Amino acid sequence: MIRADTIVAISTAQGEGAIGIVRLSGPRALDIADQIFAGKRVPSRTRGGRFLYGRFLDRAGETIDEGILLVFKGPNSYTGEDVVELQTHGSVSVLGTLLSRCVELGARLAQPGEFTLRAFLEGRMDLNQAEAVNALIHAQTDTARRQATLGLQGALSQRMDDMAFKLVRTMSAIQAMLDYPEEGVPEEDRITPLLEVQTELQHLLDTAKAGKMAQQGARLALLGRPNAGKSSLLNALLGYERSIVTPIAGTTRDYLEAHMELVGVPITLIDTAGVRETEDVIEAAGVERALKLGENADLVLLLEDASQPREDLEVAVPEERLIRLQTKIDLGQVWHDNRYQPVSAVTGAGLPELRERLRETLLGDPSRNEVWLSSERQVQAVTFALEHVQNALSLPDELASYEIELALGYLAELSGKNVSEEVIDQIFRNFCVGK
Ligand SMILES: Nc1nc2c(ncn2[C@@H]2O[C@H](COP(=O)(O)OP(=O)(O)OP(=O)(O)O)[C@@H](O)[C@H]2O)c(=O)[nH]1
Ligand SMILES: [Mg+2]
């Protein structure tokens, strides 16, 4: 499929840098390059995969900058079309002028993610891989990067293909059975592949939580009575003194956020005001905020001082989003409750166990070496596929065959076959311009 228009964008980040890149893709990319570039060779008469050194010119023939021009001839390029990259000094003015010149010569400004969209439409990558490109660009942690790289290499699509193969095998077994009922079909062709696919889909769904966390991160609120040690624990987890700590109850009044990576997840830690009844209007407003933040956080660390008589605090947070901590354990423990995990911000005792608990709660236990489901779109398709595989297991042959076909449809949708334009738009809208 040949697209008529040629797109252009600045592909490097905004602002000054050592190098900046303007990228062109489409049928006129080489023609525009010929007009903008002056060097020993002419871009359109160069073999793909080459780079040329020369000058980039404006309309009057004056030099905008010196630089390097890279030529990729379709279909051997990122988008599958002719692609040209103009590498110059990373100057806002140089890049802006080059971009305008390309538009003057007939290119159109690219939409966010339009280069990758073209790569997808040209069949250079499937939709899972396109999503992984964006995930990689936005990856904030090592875990997120690893996952995106796996996705980019096609790990998810490979698993889909393996499952589709098994489903097709069952379908033909059923077909044979319907056509030649007297022959009979061995169990391993009819049931076993379905059971295997069922297990595999369930397993994939179990990775969704980790996938979402690794990509989107989590908000962790520290809640407790005044002086419970919230600010001290925040500082201990961060590794520096971010929040003010004093022996005076009511030190933290407004909430405070700090960002860090914990167990491979981008985390926003939120220190809050100690919860108590108070006449002080400022403190009362802080307490109200604290409780609200707790309700909206992905996880609440509820802190209580182990060295003081119990002063229970009830919060409106469901158990699965709650980790109870007994603080200042170095000062001794005057009460016991095995729902509480002991920690000390001063000695660091219990912090490794807390990190481990956070890893389990936030990520579950998926293997780091396998690909995790990372988008709502993927989770939905896998959920539906699983539903139909389960139906196929419980229904008689004629109906099972139809259910398998539906399951196959959802697996195909995952890699981008038969998806609506709307879904595709939605995915690429979140991309950067120039990718
Ligand atoms: N020995 C010991 N002291 C601690 C520990 N954690 C906090 N403290 C002390 O307890 C006091 C209160 O600590 P903060 O971290 O300010 O407590 P907070 O929960 O933030 O208090 P508010 O901001 O008032 O709600 C300070 O004097 C800290 O030094 C701990 O693990 N061990
Ligand atoms: Mg505090």
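For polar contacts I take pairs of N or O atoms within 3.5 Å; within protein, one must be able to donate a hydrogen and the other to accept it, and residues adjacent in sequence count only if both atoms are side-chain atoms. This is a predicted model, so local features need pLDDT of at least 70 and side-chain atom pairs pLDDT 80 or more, while totals for chains, interfaces and linings use all residues. Residues are numbered from 1 along each chain as written, chains are lettered from A and ligands numbered from 1 in written order, and side-chain values use heavy atoms, with hydrogens and water left out.

I found an oxygen atom of ligand 1 at 2.9 Å from a polar backbone atom of Asn227. On the nitrogen side, I got 2.8 Å between a ligand 1 nitrogen and a side-chain N or O atom of Asp330. The protein covers 88% of the 650 Å² of accessible area that ligand 1 has on its own (Shrake-Rupley, 1.4 Å probe).

Next, the metal. Which protein atoms are donors of the magnesium ion (ligand 2)? I get Ser231 (OG) and Thr252 (OG1), 2.0 Å from the ion; donors are N, O and S atoms within 2.8 Å of the metal (3.2 Å for Na, K and Ca), and sites may look incomplete without water. Ser231 sits in helix 10 (residues 230–238) and Thr252 in the loop between helix 10 and strand 9 (256–262), 21 residues apart. Helices are DSSP runs (H or I, at least four residues), as are strands (E, at least two), numbered from the N terminus. Both Ser231 and Thr252 are buried, meaning under 20% relative accessible area, with exposed over 50% and partly exposed in between (1.4 Å probe, protein chains only).

Last, I checked Glu405 in helix 14 (residues 397–414). Glu405 is partly exposed, because its relative accessible area is 48%.
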